[in-house]
Amino acid sequence: MAAHTFYRAGINFVLLERNNALAVPEAGGAGIAIMPNTVRLLAQLGLLEAVEAIGTHMRPGTVVTSDGRPFSTLDTDGWCSEFHGTGWVMVHRPELMQLLYGALPDEIRQHQFPGKEVKTIEMTEEGVVFSCTDGSVERGSIVVGADGAHSKVRDYMRRIALQESSKAALNEEKPFVATYRCVFGHIVSPPPGIKPGDEWHMHGSGISSLLLAGSEKTWFMFSQKLPEPTRERRRYTEQDMKSFMEELGHAHCTSTLTLNDLYQAQTSCYLTDFHEGLIHHFYHGRIVLVGDAVNKQTYNTGQGWNTGVQDVVVLTNKLWTLMEDETNLDAPISQGKIEAAFGLYQRDRYPVVQQAVKASKMFTRTEAWNHWYDWFTDRHILPRTGGLKWIYRAFLVPANVNAQVLEFLEENNRPSGTIPWLHSTRRN
């Protein structure tokens, strides 16, 4: 998404991708929930129709216990349409990445380079020097770290800050904590009894799951609380997956299908720890972070990727304003001005991201019945009162209505629901 927003803002850039391909292999990759905040941006960029063509809207869903007994219903797509004027769309990540890459002009694609892993980052008075493990070197005014929860750019930002001052404000070396682990999988052929648009949730003691069915693929996620929280990065083996399935494969994900049923039919599947959290410092000097390098959420609210997209939008707006105010773009922009723009980016994003992370943690623990009152509320109070819709309104709507769009582009046919958007473009 940064390639699209930077291109539209007239920001010169190169995109360095650690993997050897810019698109995710079809066999791998999970699903991505595109929420109303990102739907609105895609519409502004003229990409929504193409994304809708590869995505699926969900019908009202069912919540079951781990032995398959239905006890509640929900209508997340309908609630989004009511509150925001647009529903949400489920897409396969490899297909979305390929679509976004293909929608860029040829001259912009030439600025994207796969197989480039960071070796060192140096800051100078006039810019940054980015050295890669293949021996290549890139120079620029800033570095944007969008390299995930275990970000190397974030590590280098921390090292540079420490080199400059032992009293520098720092992020923790390992800022995110995993309290749950999760199996992510997808199936090409629909499992028995599953139709496109089906949405199934399972809530249980220390476990929860989500199944979403697209027109051609079905995605499933199954999480389990860890014995102890950890900040470490763990790589699970095939034997670990086998042990997980032996322990939990009997648990239902729908009223008729167990986790083992889905696992036997899977096209791809992996086990990983679920790190959560939010760093305190989004930038230092000429280095700035976005997406999972800044915060990490579970799948339970569907806002993780969308939160990162909003980081990119707000950062693009601040950089565009900075360039508009510059009288001589041929001269290097001072670090002071760049840090001021980064500061405005963090000012706008921190409270919104903080709310999204809190909501994700709350939903994750409520659905996995972390305490007796989570079980009682989820199992007995919410189904009888219809309260889940209002929990959604209170905790998940803010991430959407706080959405920003690109200030320098017109926004036509903006969706409108019962809750107004808080930000608009300068061009309207």
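This is a predicted model: local features need pLDDT of at least 70, side-chain atom pairs count only at pLDDT 80 or more; totals for chains, interfaces and linings use all residues.

Trainee: How are two packed helices described?

Mentor: Two packed helices are described by the angle between their axes and the distance between the axes. Here axes are lines fitted to C-alpha atoms, for helices over the stretch in contact, and angles run from 0 to 180 degrees between N-to-C directions. Helices (H or I, at least four residues) and strands (E, at least two) are DSSP runs, numbered from the N terminus.

Trainee: At what angle do α1 and α10 pack?

Mentor: Helix α1 (residues 2–9) packs with helix α10 (residues 304–325) at about 20°, and their axes are 10 Å apart. The angle makes α1 roughly parallel to α10; angles under 35 degrees count as roughly parallel, over 145 as roughly antiparallel, 65 to 115 as roughly perpendicular and the rest as oblique. The crossing of α1 past α10 is right-handed. A crossing is left-handed if the near helix is turned anticlockwise from the far one by less than a right angle, and right-handed if clockwise.

Trainee: Which residues of α1 and α10 meet?

Mentor: From α1, Ala-2, Thr-5, Phe-6 and Ala-9 meet Val-312, Thr-316, Leu-319, Trp-320 and Met-323 of α10, where contact means heavy atoms within 4.5 Å. By class, the α1 contact with α10 has seven nonpolar, two polar and no charged residues. For these classes, Ala, Val, Leu, Ile, Met, Phe, Trp, Tyr, Cys and Pro count as nonpolar, Asp, Glu, Lys and Arg as charged, and the others, Gly among them, as polar.

Trainee: How does α10 pack with α11?

Mentor: The axes of α10 and α11 come within 9 Å and cross at roughly 155°, which makes α10 roughly antiparallel to α11. The residues in this contact include Asp-311, Leu-315 and Lys-318 of α10 and Tyr-345, Arg-349 and Val-353 of α11. By class, the contact of α10 with α11 has 11 nonpolar, two polar and six charged residues. α10 passes α11 in a right-handed crossing.

Trainee: What is the angle between α2 and α10?

Mentor: Helix α2 (residues 36–45) and α10 pack at about 45°, with axes 9 Å apart. That makes α2 oblique to α10, and their crossing is left-handed. Asn-37, Thr-38 and Leu-41 of α2 make the contact with Trp-305, Asn-306, Val-309, Gln-310 and Val-313 of α10. These residues of α2 and α10 divide into four nonpolar, four polar and no charged.

Trainee: How should I read a nonpolar core?

Mentor: In soluble globular proteins, nonpolar side chains tend to be buried together. A nonpolar core is a set of buried Ala, Val, Leu, Ile, Met, Phe, Trp, Tyr and Cys residues joined through side-chain atoms within 4.5 Å. Buried means under 20% relative accessible area, exposed over 50%, partly exposed in between (1.4 Å probe, protein chains only).

Trainee: Which residues touch the most other members of the largest nonpolar core?

Mentor: Ile-34, Leu-96, Ile-121 and Tyr-345 do, in a core of 63 residues. The largest share of this core, eight residues, comes from α10. Leaving out residues up to four places away in sequence, Tyr-345 touches Phe-282, Val-288, Leu-289, Val-290, Val-294, Asp-311, Val-314, Leu-315 and Lys-318. A second, separate core has 32 residues, including Met-35, Leu-212, Phe-363 and Val-397.

Trainee: Is Leu-382 buried or exposed?

Mentor: Leu-382, in helix α12, counts as buried at 12% relative accessibility. Between C-alpha atoms, Leu-382 and Thr-73 are 9.8 Å apart in space and 309 residues apart in sequence.

Trainee: What is the phi of Trp-369?

Mentor: Phi of Trp-369 is near 45°, a positive value in a residue other than glycine. Trp-369 lies in the loop between α11 (335–367) and α12 (372–385) and is buried, with a relative accessible area of 15%.

Key. Residues are numbered from 1 along each chain as its sequence is written. Side-chain values use heavy atoms; hydrogens and water are left out.
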